[in-house]
Amino acid sequence: MAAPAKKQQVQEIIKCGKNPSYFFNSYVKIQHPVRGLINFDTYQFQDDCVDTFIQERFSIILKSRQLGLSTLVAAYSVWLALYQRDKNILVIATKLSVAQNNKQLIELSNGSSIKAIPTSDDAGRSEALSLLIIDEAAFVKNFDELWMGLYPTISTGGRVIILSTPNGVGGQYHKLYTDAAAGVNEFKEIKLPWSVHPERDAEWF
């Protein structure tokens, strides 16, 4: 009886490795502010974002608040680390606590790792990255210097996901996004207004 069960497990692992959205919906739990720990049931717009992350090396997202994009990107980084070997993933976040007891590094036996650090001028400069994630980039005060330092770390084939809610005109994030929308840089732009969420309507707005 053990052999069919083992075969089924292997098939399930392969299925998860091929399809991140299937992995999220089947195995990832998220913390909901009201409902507590719940299944991560993704919406179509989130699945579309994941497809872009896979197809494009450079993705930049302009998003409304509370669309679950930070959670989605975190889940995507976990999927990448679990199912692909030797992936070096760096997450830079403006809201990350620098408290010493905060678990900011996960290293897996397959050689992959995920590190989360707060924003600083030299963040991630010495690392050769497989995936760089910058959350709320429009609110990073030194983002132009940060980006200049980080760009070489992904030049060997690494990927980038930059996401943010809007924060006015000007600055490096705004330039990267508007250039992406104009098709004059390597980024694929994704625009997500509040209305992309299927549970939100004019009354909610």
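Axes here are lines fitted to C-alpha atoms, for helices over the stretch in contact, and angles run from 0 to 180 degrees between N-to-C directions. Helices (H or I, at least four residues) and strands (E, at least two) are DSSP runs, numbered from the N terminus. These views show a predicted model, in which local features need pLDDT of at least 70, side-chain atom pairs count only at pLDDT 80 or more, and totals for chains, interfaces and linings use all residues. Residues are numbered from 1 along each chain as its sequence is written, and side-chain values use heavy atoms, with hydrogens and water left out.

**View A. Helix α2 packs on helix α4.** Start with α2 (residues 20-27) and α4 (residues 69-83), whose axes lie 10 Å apart at an angle of about 105°. That makes α2 roughly perpendicular to α4 (65 to 115 degrees; under 35 counts as roughly parallel, over 145 as roughly antiparallel and the rest as oblique). Look for Pro-20, Phe-23 and Phe-24 of α2, which meet Leu-72, Ala-75, Tyr-76, Trp-79, Leu-82 and Tyr-83 of α4; contact means heavy atoms within 4.5 Å. By class, this contact has nine nonpolar residues, no polar and no charged ones. Ala, Val, Leu, Ile, Met, Phe, Trp, Tyr, Cys and Pro count as nonpolar, Asp, Glu, Lys and Arg as charged, and the others, Gly among them, as polar.

**View B. Helix α2 also packs on helix α3.** Here α2 and α3 (residues 44-55) pack at an angle of about 135°, with axes 9 Å apart. The two helices are therefore oblique to each other. Pro-20, Ser-21 and Phe-24 of α2 make the contact with Asp-47, Val-50 and Ile-54 of α3. This contact of α2 with α3 divides into four nonpolar, one polar and one charged residues.

**View C. The buried residues of α3.** In α3, Phe-45, Gln-46, Asp-47, Cys-49, Val-50, Thr-52 and Phe-53 are buried (under 20% relative accessible area, with exposed over 50% and partly exposed in between, using a 1.4 Å probe and protein chains only). They pack against α2, β3 (58-63), α4, β8 (159-164) and β9 (188-192).

**View D. An open sheet of seven strands.** Follow the order β5-β6-β4-β7-β8-β3-β9, in which the pairing is mixed; two strands pair if DSSP finds at least two bridges between them. At the edges stand β5 and β9, each with a single partner strand, so one side of each is left without a neighbour in the sheet. From one strand to the next, the twist averages 15°. Helix α6 (residues 172-182) packs on the sheet, where α6 touches β3, β8 and β9, and its direction makes about 105° with that of β3.

**View E. Strand β3 between β8 and β9.** Five bridges join β3 to β8, running parallel, and Ile-60 has Ile-162 as its bridge partner in β8. Five bridges also join β3 to β9, again parallel, with Leu-62 partnered by Lys-191. Six of the six residues of β3 are buried. Phe-58, Ile-60 and Leu-62 point one way, and Ser-59, Ile-61 and Lys-63 the other. In a regular strand, side chains alternate between the two faces of the sheet.

**View F. Strand β6 and its partners.** β6 (residues 113-118) runs parallel to β4 (residues 88-93), joined by six bridges, with Asn-88 partnered by Ser-113. On β5 (residues 105-107), three bridges join an antiparallel pair with β6; Ile-106 is partnered by Ile-114. The hairpin of β5 and β6 has five residues between the strands, and its Gly-111 takes a positive phi near 90°.
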